Amino acid sequence: LLAHHTANNEPSVVGRDLQASMQLGTRRRRRSSEPGPAGGADYLSALPEDLLLLVLARLGCAAAAARTGLLSRRWRGLWARLRDLSFRGLAFPSLQAALGRVSRPPPAVSLLEIHVPSQNWPEDGPAAGAVTSLLRAAALLAPEKLVFTFPLDSHLSYAGVDLPCFHRATSIVLEWIPFVLAGGEYPALQTLSIRGCEVDDLGALLSLCPHLRALRLIWLGGDDDRTTVHSTSLQELVMEAMWARRVDIVAPMLKQLTVSLHAYEQASISILAPMVEKVSWQCLYQNRTIWFGLWCLEKLSLQTAEAQEQLPSLHIHACSCLFDFSNEEANFAEEIEKHLVADFSALELHLTTTGHVFGAFVSHLLGLNWICSVITYKEA
């Protein structure tokens, strides 16, 4: 464990850290009275506590660190003093008790990861109150970075979990948890990632994060089909697998925008981001709701240039159907225009047709003022 060497026979990072700590440490080494594996002295357990904590930290798992207590009395309970804690595979009923054994700040916990494993849940999943209690126990440790995930199969009650305030957290990751706000600001939060969560009020949550710089929203649920993101500090926004019908973004400092939407009908899109530089925008239309003549809009994407030789481009995917017809020409053009959240200079048409019926459709698209005034070349 201590003499782990690389192929070129030089000490590994772990070995160098341990050697440096042994040379620079001010604590005296003490010889353990416990016998080693061969009946001799247990030199490993005799190392200074700082070195033992370094060994436990390299395990990357709180449960594995706790099991080292079987080796020697010197190791028992030592894991609770770790400042980087990752709980993986520990059954949900045991997690709160485990958090209760962790030494309270100071010093504060740098990283707290709680990954609740899949298990035989009750029919209606774990009680929201039990999850709230676990989150409150986590908040008492004042972690700088928090990762809290539930498995998709937990069927967590949708009564709502109270999300307590993590006043020191600069980064929070939440997955598959329906939550409501319990009050209080997140004054240090800079990065927030939410996946598969039922969010009671996203706008209210963001208003409590005055220094948020990066926001990642993936597969958000909820009864409200509106996604509202208003932030004066946000610089990066990612929205993936969103089923929002209405999107409202006001972010004056935003520089990078990545959006993937699914729409069942016409979308309502409002974006105010005057400083945005990089855009990756995509909307998939379900149920063939946007038509022009025989043509149905399937997907629309807008991409800013990733390299110097590339051009910012608009991609329109449409298919024809000989059994349906619509004369809503204005709606078709207006729907495409809603997604023009950045300038483009190249147009790509991806057409799936059952015959030579695309001439009028292409002519119509190229005749739209907001297309013919900006494109430099076109492909069909």
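Q: Before we start, what do buried, exposed and partly exposed mean here?
A: Buried means under 20% relative accessible area, exposed means over 50%, and partly exposed is in between, using a 1.4 Å probe and protein chains only.

Q: And what kind of model is this?
A: This is a predicted model, where local features need pLDDT of at least 70, side-chain atom pairs count only at pLDDT 80 or more, and totals for chains, interfaces and linings use all residues. Residues are numbered from 1 along each chain as its sequence is written, and side-chain values use heavy atoms, with hydrogens and water left out.

Q: How much of the protein is buried?
A: Buried residues account for 44% of its 380 residues.

Q: Let's talk salt bridges. How many does the structure hold?
A: There are seven. A salt bridge here is a side-chain nitrogen of Lys or Arg within 4 Å of a carboxyl oxygen of Asp or Glu.

Q: Which residue does Arg81 pair with?
A: Arg81 pairs with Glu49, at 1.9 Å from N to O. This links distant parts of the chain, 32 residues apart: Arg81 sits in the loop between helix H3 (62-67) and strand S1 (84-88), while Glu49 is in helix H2.

Q: Are those two buried or exposed?
A: Arg81 is partly exposed, with a relative accessible area of 41%. Glu49 is among the buried residues of H2 (residues 49-59), including also Leu51, Leu52 and Val55.

Q: What follows H2?
A: Gly60 does, and its phi is positive, near 70 degrees.

Q: Which residue does Arg136 bridge to?
A: Arg136 bridges to Asp162, with their closest N and O atoms 3.6 Å apart. That pair also joins distant parts of the chain, from helix H5 (residues 128-139) to strand S4 (residues 161-163), 26 residues apart. Arg136 is partly exposed at 46% relative accessible area, and Asp162 counts as partly exposed at 27%.

Q: What about Lys338 and Glu335?
A: Their side chains form a salt bridge at 3.0 Å, N to O. Because Lys338 and Glu335 are three residues apart in helix H7 (residues 329-338), about one helical turn separates them. Lys338 is partly exposed at 28%, whereas Glu335 is buried at 0% relative accessibility.

Q: New topic: where is Val173?
A: Val173 is in strand S5 (residues 171-175).

Q: Which residues does Val173 touch?
A: Leaving out residues up to four places away in sequence, Val173 touches Leu146, Val147, Phe148 and Ser193. A contact means heavy atoms within 4.5 Å.

Q: Last one: where is Tyr264, and how exposed is that residue?
A: Tyr264 is in the loop between strand S12 (256-263) and strand S13 (268-272). Tyr264 counts as partly exposed because its relative accessibility is 45%.

Conventions. Helices (H or I, at least four residues) and strands (E, at least two) are DSSP runs, numbered from the N terminus.
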